[in-house]
Amino acid sequence: MSTALPVTGSRASQPSLAVKVSRNGRTGPVAANTVLAGTMMSLFGISWDIQWHVDVGPDTFFTLSHLMLYSGSAIAGLASLAMVLIATAAQRAGQSVDRFPGGKPVRVLGGVFRAPLGYLISGTGAALFLLFGLLDLWWHSLYGFDAVLDSPPHIGLLVSISFSMVGSVIVFAAARDTRWGRAGVILSIPVLIVFSPITTKAFGALPLPVDPELVGTILFSTLLLILGTLTIGRRTTALTIAATLGALQLVLWWFSPWAARVYADATGLPLRDNLGDDPPELPSGIPVFMLVAAAAGTALMWLSRRRGWSGRIAPQIMGAGGGAVIGLSFPVQSALFGDSGPTSAELLKMTAAGLVTGVLAGYLAARLAVLLRDHSTASVTSASVTNASVTNASATNASVTKGR
């Protein structure tokens, strides 16, 4: 008499489980890359809009740069909403969502929805962007043209975009065990670094001995560089992030003035009379020597491991080196872009500011990296392995049953 080996569940249910897991594995990178594409589109839209204000002047609500900005946020928001609904449906179907793509699921509205953390943050940013967009439309109806960047609706819009960009980083960091997750971290962090000079304008009123906006840029650039390195855990990560940032900076350097001038010609609007050879507004605010800073930070991290220094101080050491290089490079960068050459006192002051700010950035990055690394999605992103294992188990069981 032939007897079958016992298996968990019926054979009919196993392919269904494999299909569900495999579907989640395919959905993860598609949704994550859609959110990244949306944030990238918003970044190009805001860079274009800022350059428009510099080269042409005030604008109205309905412009192509605004359309690009809003479309990017809408794309990121819709992708985030889709993943929240998929996670919620999976939970209601009895599936485990503890390792769902996008980070640890969070209960929303008392458990009505289960939202992966990264998609919750990016989707919240997109929703807030829509609300502040309506406020901006009302603002334009009251005052007409936009003359400044820091109007109340614009501040809300910029904060909302930052939320979506942070959410994108969390989504990819949760899948750091996969190739697409690591690639996404390397792409999404430069997007956030490019946006940081806009965010740091909030520090402009602080009474500091150095330019508070530059200090803010040093803080965010160094923090994000170290955060990506610690999240992925590979020696060349900082260099790869810095190289990607440089490539993005070059593209924006060409795109922003080109788009502003082509659109001005298309709409029949003249450029400002006093335009010179000034560099593009947003791209010129990004640290140009980030690759040098990344090399310094990477070398210090390697040295700390080689000497057996405590892992608790290694990120601060890396931050001190990277921050000092960025701080020293800002006066040099300004001189390269047409300003007067820096004095020795200015170079010393900016280097010291970068050193101190870099230590703080390393401290914060180490703690944020722990949170990101705790949200790995290994059980979901290894869907293909799970699918193969289930199929092989079924085939083995059938063979044993037939043999007996």
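Me: How are α8 and α9 oriented to each other, parallel or antiparallel?

Reply: Angles under 35 degrees count as roughly parallel, over 145 as roughly antiparallel, 65 to 115 as roughly perpendicular and the rest as oblique. In this predicted model, α8 and helix α9 (residues 314-336) pack at an angle of about 155°, with axes 8 Å apart, and are therefore roughly antiparallel. The axes are lines fitted to C-alpha atoms, for helices over the stretch in contact, and angles run from 0 to 180 degrees between N-to-C directions. Helices (H or I, at least four residues) and strands (E, at least two) are DSSP runs, numbered from the N terminus.

Me: What limits apply to the model and its numbering?

Reply: Residues are numbered from 1 along each chain as its sequence is written, and side-chain values use heavy atoms, with hydrogens and water left out. As the model is predicted, local features need pLDDT of at least 70 and side-chain atom pairs count only at pLDDT 80 or more, while totals for chains, interfaces and linings use all residues.

Me: Which hand does the crossing of α8 and α9 have?

Reply: A crossing is left-handed if the near helix is turned anticlockwise from the far one by less than a right angle, and right-handed if clockwise. The crossing of α8 and α9 is right-handed.

Me: Which residues meet in α8 and α9?

Reply: Contact means heavy atoms within 4.5 Å. Among the residues that meet are Ala 293, Gly 297 and Thr 298 in α8, and Met 318, Gly 321 and Val 325 in α9. By class, this contact has 12 nonpolar, 5 polar and no charged residues; Ala, Val, Leu, Ile, Met, Phe, Trp, Tyr, Cys and Pro count as nonpolar, Asp, Glu, Lys and Arg as charged, and the others, Gly among them, as polar.

Me: Is Thr 298 buried or exposed?

Reply: Buried means under 20% relative accessible area, exposed over 50%, and partly exposed in between (1.4 Å probe, protein chains only). Thr 298 counts as buried because its relative accessibility is 18%. Thr 298 lies in helix α8 (residues 290-306) and, not counting residues up to four places away in sequence, touches Arg 235, Ala 238, Leu 239 and Met 318.

Me: At what angle do α7 and α8 cross?

Reply: The axes of helix α7 (residues 237-267) and α8 cross at roughly 175° and come within 8 Å. That angle makes α7 roughly antiparallel to α8. The contact includes Ala 238 and Leu 239 of α7, and Ala 294 and Thr 298 of α8. Its residues comprise 9 nonpolar, 1 polar and no charged.
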